[in-house]
Amino acid sequence: MELTEDFRLTSTPRSLLIGCIILLTLRIGLSIFEWQHPINRGRTVAWQDAAVSQEQPADGKKLRLYEFYADWCSPCQRLERDVMSNDEIRDTIESNFQAIRVVDKQREEGKNPKWMQELQKKYRVFAFPTLVAVAPDGEAIGSLVGNSSSLSVYRFLSRTINDAAKKAK
Amino acid sequence: MWVNKAIFKFTVMSACLDPMKLMYVALLGFVVPIGMKLAALYHGSADSQTFEMLTGKVGVSFIMMVLCLGLAGNSTTQSGRGGEYLPLLFSRPVSRTEYVFTKWVTITAIGGTLAALQNILVALCGFAFGETTSALGLLSMIIERYLDSGILAAGMIWTMLNKHPVFQVTSIIAFYVWMLGQTVPPVSVAGPQASGVDQLALEATKILLDCSGYLGDLVLPGINIYDLLNAHTPSLLPIIAYFSTLGIYLTGAIISTNKREFFYGTN
């Protein structure tokens, strides 16, 4: 009787063990499946090419959101994959900003065009990715450096929209 | 089913009655991040990497470290704090599963509530300065903090209850490698390609970050609820990874406690 009681108190629940084995098997299986068939993350933000937008007149009413980006920069790729494919972020950017991507070519071509150097200097860009929200008059409202979480990016965007509205009044 | 009400009550009481624990949690969990947020809002700057850390999983891990150390019961045979449930063990039989599971539920509930409260306060500070967080965003933050607390509590409880030194040292090293990766800002420095020692340092940092990332995915997987709810095609993998790791930690903690012999030395 004592042995049975002791066994009951120090035994590991079978349901927990079985659950663990099932979940672990599913994890391994799903990892292999998603590695072979990457999931469709949907559309990301429709960025305008900075070179093209330099030649066109700016949309007078809309705020501009510059994304300073580099093809070799892995945090930039993660930001694009994880944050810019988030429906709420993408909709907020597309409905409130003229989204412009500035792709740095210094490493590939040795030098950036002059307009890009001036843009980077004006908005104090020292790292990628950097998001800079700019008022229609060209003045920077705020900037966010690094691959932040979607919630941080959303908070940053909401604050810049609010600051721009206050400024316009 | 596996939750013992008496152990739950004693653990909550122990957490509430320890002034040192309360002060640590208040300072690191509330004073520092809220101060940082207010400073950023006053100066119109974006949230820093340190702020992101303190309001995310790293912040939760700081709170959990102190909670688990004081409440998990790694010092079962000692008197004083951490041993308050001993009369219970003496007076009636409690299964080891019940004990581990109750401790995990209690620590997760306390840590998750504190971290969620911190996130809500930070969101309210931002709100006062025109920074909004959608209802979905707020809900996601709260759920994420409870999930972070759950996995961290399970991992730490297992590390504390399993007395094997190799296991404990390996767990602590893994935890610090993961944390080290979190402290490096996720940016690439602009400018021409570095050379020599600078290039070597950059490559070493990249390797460290990759190791920390892979280790994090393996031992502390998280679920980004906000991204998951706003995804074109939600992936099930993070959810399965989270619950499989959680299950392993809890089962491991129960097996380790079952194998241990407890000697209740009394006067």
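Is the crossing of H4(B) and H6(B) left-handed or right-handed? The crossing of these two helices is right-handed; a crossing counts as right-handed if the near helix is turned clockwise from the far one by less than a right angle, and left-handed if anticlockwise. This is a predicted model, in which local features need pLDDT of at least 70, side-chain atom pairs count only at pLDDT 80 or more, and totals for chains, interfaces and linings use all residues. Residues are numbered from 1 along each chain as its sequence is written, while chains are lettered from A and ligands numbered from 1 in the order in which they are written.

**View 1. Helices H4 and H6 of chain B cross.** H4(B) spans residues 57-71 and H6(B) spans residues 96-128; helices (H or I, at least four residues) and strands (E, at least two) are DSSP runs, numbered from the N terminus. The two axes come within 10 Å and cross at roughly 140 degrees. Axes are lines fitted to C-alpha atoms, for helices over the stretch in contact, and angles run from 0 to 180 degrees between N-to-C directions. On the H4(B) side, the residues that meet H6(B) include Gly59(B), Ile63(B), Leu67(B) and Leu71(B). Their counterparts in H6(B) include Lys103(B), Ile107(B), Gly111(B) and Leu114(B). Two residues are in contact if their C-beta atoms, placed from the backbone, lie within 7 Å. By class, this contact has 10 nonpolar, 2 polar and 1 charged residues. Here Ala, Val, Leu, Ile, Met, Phe, Trp, Tyr, Cys and Pro count as nonpolar, Asp, Glu, Lys and Arg as charged, and the others, Gly among them, as polar.

**View 2. Chain A touches chain B.** In this interface, 55 residues of chain A are in contact with 46 residues of chain B. H2(A), residues 14-36, gives the most to the chain A side, with 11 residues. That side divides into 22 nonpolar, 20 polar and 13 charged residues.

**View 3. A strand of chain A pairs with a strand of chain B.** E4(A) and E1(B), residues 188-189, pair in the antiparallel sense over 2 bridges. Two strands pair if DSSP finds at least two bridges between them. Phe128(A) stands opposite Ser188(B) in E1(B). Strands of a sheet pair through backbone hydrogen bonds, either parallel or antiparallel.

**View 4. Chain A holds an open sheet of 5 strands.** The strand order is E1-E3-E2-E5-E6, with mixed pairing. E1(A) and E6(A) are the edge strands, and each pairs on one side only. E1(A) and E3(A) run parallel and are joined by 2 bridges; Gln48(A) has Ile100(A) as its bridge partner in E3(A). Helix H5(A) lies across E2(A) and E3(A), running at about 105 degrees to E3(A).

**View 5. E5 and E6 of chain A form a hairpin.** These strands run antiparallel and are joined by 5 bridges. Ala133(A) has Gly142(A) as its bridge partner in E6(A). Between the strands lie 5 residues, and Gly138(A) in the turn has a positive phi of about 95 degrees.

**View 6. Chain B has 11 helices and 1 strand.** Of its 267 residues, 38% are buried, a residue being buried if 20 or more other C-beta atoms lie within 10 Å of its own, exposed if 12 or fewer, and partly exposed in between, with C-beta atoms placed from the backbone.
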